[in-house]
Amino acid sequence: MDPNSHFENQMADSRASLSPPPRSTRPLGSCKLPLCGDFLLSSNNKVSHSFEPSHSDVPKENPRKPTLLLYPATETSQDIQTVINETFPSTAVKIHGLKPILKNGMAVSFISEEKKSSFNNYIQHNENISSKIMDKQPGVRHPSFIIKNVPASIPIEEIHSAIQVFSKNSGSLKVRFQFPGSKPDITNWVLESPATILTELIQIKKIPLRWNMYQISEFYHIKRCNFCKAYGHTTKNCHHNIPSCAT
């Protein structure tokens with residue numbers, strides 16, 4: 001045997017042992033691709049999630065239903081349910097929801113604005129019903145802001161004038177309430193304003209009153225008891241006997 005051919009055969013065998021195994025020739029349809037939601041390994045060896053929610057997965061906002069407020073047309077000791085039931089039954093109207101409100105009233109919600117309009121027209125064009133029931137459109141509740149530690153000697157009209165310097169549309173402000181400050185002669189004012197005016201005032205942060213600056217901040221209507229520190233009621237309506245030191 002030729003020694004050169006023997007050497008070439010050995011080299012061919014060694015190259016064959018070092019070569020990678022042949023790739024699979026499976027059809028493309030049999031390969032499993034990563035499913036939506038599988039974790040993938042990126043180039044920097046960090047795990048990332050490939051899932052992206054579709055538009056159908058994003059929760060939609062639940063808009064408020066059209067609502068009408070009903071009150072007794074005259075002062076009466078009867079509740080609003082009795083007055084309405086004497087006039088016409090609830091089965092005669094397609095109602096979405098009922099909720100008692102202040103002043104012996106009731107908020108009636110409907111599935112559409114069309115149902116609300118037809119119900120309102122039915123009340124107004126029926127003398128027997130309109131003489132007993134008064135309807136009213138619900139008002140819009142705007143956000144509130146607070147002006148802290150204002151001297152009690154400064155009237156609310158002067159505060160309005162100071163705000164008008166910074167906001168031309170301040171005429172739509174409405175006083176919600178006032179409560180005592182940290183001292184007997186100090187008052188905190190809570191006013192209601194449209195969101196556009198509130199944004200302007202929050203950016204200003206302070207307004208001048210009689211050559212003193214007073215802080216303005218957004219006010220959140222959250223009830224909290226100063227005695228037991230629980231939420232949902234005030235100190236006046238607290239039923240606990242032991243105070244709490246929670247902050």
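How many salt bridges does a search of the whole structure find? The search finds three, where a salt bridge is a side-chain nitrogen of Lys or Arg within 4 Å of a carboxyl oxygen of Asp or Glu. Before selecting them, note that this is a predicted model, in which local features need pLDDT of at least 70 and side-chain atom pairs count only at pLDDT 80 or more, while totals for chains, interfaces and linings use all residues. Residues are numbered from 1 along each chain as its sequence is written, and side-chain values use heavy atoms, with hydrogens and water left out.

**Stop one: the salt bridges**

Select Lys116 and Glu113, which form a salt bridge with their closest N and O atoms 3.9 Å apart. The two residues are three apart in helix H3 (residues 113-124), and so are separated by about one helical turn; helices (H or I, at least four residues) and strands (E, at least two) are DSSP runs, numbered from the N terminus. Lys116 is buried, at 9% relative accessible area, whereas Glu113 is partly exposed, at 46%. Here buried means under 20% relative accessible area, exposed over 50%, and partly exposed in between (1.4 Å probe, protein chains only).

Next select Arg210 and Glu158, a salt bridge whose closest N and O atoms are 3.0 Å apart. This pair links distant parts of the chain, since Arg210 sits in the loop between strand S10 (206-208) and strand S11 (213-219) and Glu158 in helix H5 (residues 156-164), 52 residues apart. Arg210 is partly exposed at 46% relative accessibility, and Glu158 is also partly exposed, with a relative accessible area of 24%.

Then select Glu192 and Arg176, where the salt bridge has its closest N and O atoms 3.4 Å apart. Glu192 belongs to strand S9 (residues 186-192) and Arg176 to strand S8 (residues 174-180), so that the pair links distant parts of the chain, 16 residues apart. Glu192 is buried, with a relative accessible area of 8%, while Arg176 is partly exposed at 27%.

Rings of Phe, Tyr and Trp (its six-membered ring) pair if their centres lie within 6.5 Å, and planes under 30 degrees apart count as stacked, over 60 as edge-to-face and the rest as tilted. A search of the whole structure finds three aromatic pairs; one of them joins Phe177 and Phe179, and is tilted, at 6.2 Å centre to centre with 40 degrees between the planes. The rings of Phe177 and Phe219 have their centres 5.8 Å apart and their planes at 75 degrees, so this pair is edge-to-face. Selected together, Phe177, Phe179 and Phe219 form one aromatic cluster. Phe177 is partly exposed at 31% relative accessibility, as is Phe179 at 29%.

**Stop three: a nonpolar surface patch**

Finally, select Tyr220, Ile222 and Tyr231, which form a nonpolar patch on the surface with about 400 Å² of accessible area together. Patches are made of residues with over 30% relative accessible area and no salt bridge, like charges being joined within 9 Å and nonpolar side chains (Val, Leu, Ile, Met, Phe, Trp, Tyr) within 5 Å; accessible areas come from the Shrake-Rupley method with a 1.4 Å probe, and for residues only the protein chains shown count as cover. Tyr231 lies in the segment after S11 and is exposed, at 55% relative accessibility.
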